[in-house]
Amino acid sequence: MQWLNTILQGILLGGLYAMFAAGLSLIFGVMRLVNIAHGDLIVLAAYIALVTVQALGVNPLVALIIVVPAMAGIGYALQRGLLNRTLGDDLLPPLLVTFGLSVIIQNGLLELFTADSVKLNAGAIEIASIQLGGGLAVGTLPLLQFGLAVAVIGGLQWLFYRTALGRAFRATSDDQSVAQLMGLNNAHIFGLAMAISLAVVAVAGVLLAVRANFDPSIGPARLIFGFEAVIIGGLGSLWGTLVGGIILGVAQAIGAQLDPGWNLLAGHLAFLLVLALKPEGLFPKVQG
Amino acid sequence: MPEPLLEVRGLDAHYGDFRALFGVSLDAAHGQIVAVIGANGAGKSTLLKSIAGMMRARRDSVLFAGEPIGDLAAHAVVARGIALVPEGRRLFPSLTVEENLLIGGRLGRPGPWDLKRVYELFPILAERRNQPAPSLSGGQQQMVAIGRALMSNPRLLLCDEISLGLAPIIIRDIYARIPAIVAEGLSLVIVEQDIVQALKIASHIYCLQEGRVALSGEAGALTREKISAAYFGV
């Protein structure tokens, strides 16, 4: 029963990892940009939520109404103002620039908020749980997080495959120069993709901040979790990313159950195992 | 000759240090079909890419309906009403046939062309509408590429080597639809290696040779000898 509970908690945690991963995957898919600052942007979103909660005295989940559009705006401006200039045939400039961005965000947050770890308080919902019977129980908050993750991934899937904007994303991903012939302005399309990516980051950042303590230095580890979830699931597959996140979450939960120190190690081992056995991921996008 | 819709005036083009076009001039009037012929590497595709904005040119070296558009980006050129069917078709492989067509029409320019009209022109595409674009035959893919360009309701359609890599019977089939396209009131500039096909359909011919216009004139007035002399540079 204890193991069942462990796996259940791991699955719920996986939803959060899938959200770390979804924004990363979207950006890579549309413009072949590996955003090294992704984890730090998650932490930035958490701090914007912190400021919003302190200033307005609202629940962190309500603060999403402000944090999501704010991060989307930052994403669009960042893409148009900086990242578009790094894109080209060479993959290295965007890597270097986003790495630099990661350093700047970490140190900026350190200056503004110190290295003290903080946490957002979501109120009574944090300790509420639902009894599943037989000694099994799930926290309301983790369940809500998982539900949000599924909704976000489902929403992205719908956006990509059922809307005109999604068609424009896929066309631009296929062939940038011909996409321009369709009247698509790549600079704008990339800006919109980054805006959506950071809107997802905003949700992930707030959920992270409610779930556990955070400080300016934790971004890179979140990037690794997101990256591992993307690779496990297979590049370009959003539902695969959710499964990747769940596998990572379950592996970490099982590791922690065996020995508290094995938490992260077990996640990385699961990632290595998938990489060794199925390097293209479990659900690679089938190209015609 | 009626008032020109497209006027190319002394157009130059470069690929790095390599100069591909030397002061090329060309006119296309409303409703006219103009063919650009020439050997491989003569600069035919470069000419179309420059007009379509895929390669930037001097502002006043391309005039469209009297407006200078030479320095506009491709996405702005298509908004003015110029569509390019690129060499090699270049469909979006992760999109279905219908999605490829829809993305061509995303600007919503008013005009006669919509999904229904494109499917009337190429009925086979209606049957294949939900298939991924790469699953179609070469000829069908070319139909999608033409349909995708028409969906933007252009006033000028640029076609780059639509016969390339296709069987003669398919080429004839595709060329047979061109009168129906021109009947909707648009002008056509086609780049074609198949000279016989080009002479049959075009009213005016330009022959490029090493980046320069070696010969131009009414299709009927050009003799075979003159064309082959300009084509091969002998």
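**View 1. The left-handed crossing of helices α9(A) and α11(A).** In this predicted model, the crossing of α9(A) and α11(A) is left-handed; a crossing is given this name if the near helix is turned anticlockwise from the far one by less than a right angle, and is right-handed if clockwise. The contact involves A:Glu228, A:Ile231 and A:Ile232 from α9(A), together with A:Gly267, A:Phe271, A:Val274 and A:Leu275 from α11(A); residues are in contact if their C-beta atoms, placed from the backbone, lie within 7 Å. Five of these residues are nonpolar, one is polar and one is charged (Ala, Val, Leu, Ile, Met, Phe, Trp, Tyr, Cys and Pro count as nonpolar, Asp, Glu, Lys and Arg as charged, and the others, Gly among them, as polar).

**View 2. The axes of the two helices in chain A.** Helix α9 (residues 219-233) and helix α11 (residues 263-277) of chain A have axes that come within 9 Å and cross at roughly 30°. Axes are lines fitted to C-alpha atoms, for helices over the stretch in contact, and angles run from 0 to 180 degrees between N-to-C directions. The angle therefore makes α9(A) roughly parallel to α11(A) (under 35 degrees; over 145 is roughly antiparallel, 65 to 115 roughly perpendicular and the rest oblique). Helices (H or I, at least four residues) and strands (E, at least two) are DSSP runs, numbered from the N terminus.

**View 3. An open sheet in chain B.** Four strands of chain B, in the order β2-β1-β4-β5, form an open sheet with antiparallel pairing; strands pair if DSSP finds at least two bridges between them. At the edges lie β2 (18-29) and β5 (67-68) of chain B, each pairing on one side only. Strand β4 (residues 62-64) of chain B is joined to β5(B) by two bridges, and B:Leu63 has B:Pro68 of β5(B) as its bridge partner.

**View 4. The side of chain A that touches chain B.** Contacts link 17 residues of chain A with 24 residues of chain B. On the chain A side, α6 (164-174) and α7 (176-181) each give two or more residues, and α6(A) provides the largest share, six residues. This side has seven nonpolar, six polar and four charged residues. The predictor assigns the complex an ipTM of 0.91 and a pTM of 0.91.

**Notes.** Residues are numbered from 1 along each chain as its sequence is written, while chains are lettered from A and ligands numbered from 1 in the order in which they are written.

Methods: Predicted model: local features only at pLDDT ≥ 70, side-chain atom pairs only at ≥ 80, totals over all residues. Contact = placed C-beta atoms within 7 Å.
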